[in-house]
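These are my notebook entries on a single chain.

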Amino acid sequence: MNSQTALPSLDGRTFRMTSSTTSVVDPDAPSVFHYFEQDGAVWGDYSGDTVTFGRFIGTRSGDTISIHFVHVLADGGAVVTGSGDSEIEQDESGLRLVEHYEMHGAPQLSVCVEVVD
């Protein structure tokens, strides 16, 4: 694939978290993210694993997403905010997001893969 060509839109796509430096991902109930995209804006919601519910909003430039997020932790109900950048990648299984973000004042990394029916 030409590196100048942007990967497909995230609009209407669903991703599940497969790994995170923040916590051990529950393989039976991982966080699931629903993405929407229009005119360079990206937004959506997520829930599962350690998160009761969360929202994010940001922008996309090429194959990079920059977002801000807020979510409520399932254990104790604390509200967590943060921001980060994700690289969109594609392989034979579909799209995946490699997320670099800051939370609790420390750099974090997670990987989410597209849920394909």
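Entry 1. I looked up R13 and found it partly exposed, at 23% relative accessibility; buried means under 20% relative accessible area, exposed over 50%, and partly exposed in between, with a 1.4 Å probe and protein chains only. I noted that this is a predicted model, in which local features need pLDDT of at least 70 and side-chain atom pairs count only at pLDDT 80 or more, while totals for chains, interfaces and linings use all residues. I also noted that residues are numbered from 1 along each chain as its sequence is written, and that side-chain values use heavy atoms, with hydrogens and water left out.

Entry 2. Which residue forms a salt bridge with R13? I found E114, with the closest N and O atoms 2.7 Å apart; a salt bridge is a side-chain nitrogen of Lys or Arg within 4 Å of a carboxyl oxygen of Asp or Glu. The pair links distant parts of the chain, 101 residues apart: R13 lies in the segment before β1 (14-20), and E114 in strand β8 (residues 106-114). Strands here are DSSP runs of E with at least two residues, numbered from the N terminus. E114 counts as buried, at 16% relative accessibility.

Entry 3. I then counted by this rule and recorded 4 salt bridges. One of them joins E89 and R96, at 2.7 Å from N to O. E89 is partly exposed at 33% relative accessibility, and R96 is partly exposed at 31%. I also recorded that E37, R60 and D63 belong to one network, joined by salt bridges that share partners.

Entry 4. Is R60 buried or exposed? R60 counts as buried, because its relative accessibility is 12%.

Entry 5. I turned to strand pairing, which requires that DSSP find at least two bridges between two strands. Strand β3 (residues 41-48) and strand β4 (residues 51-61) run antiparallel and are joined by 7 bridges. D45 stands opposite R55 in β4. The hairpin of β3 and β4 has 2 residues between the strands, and D49 takes a positive phi near 55° there.

Entry 6. How many bridges join β4 to strand β5 (residues 64-73)? I found 10, and these strands also run antiparallel. T59 stands opposite S66 in β5. In the hairpin of β4 and β5, with 2 residues between the strands, G62 takes a positive phi near 65°.

Definitions and conventions:
Helix = DSSP H or I, 4+ residues; strand = E, 2+ residues; numbered from the N terminus.
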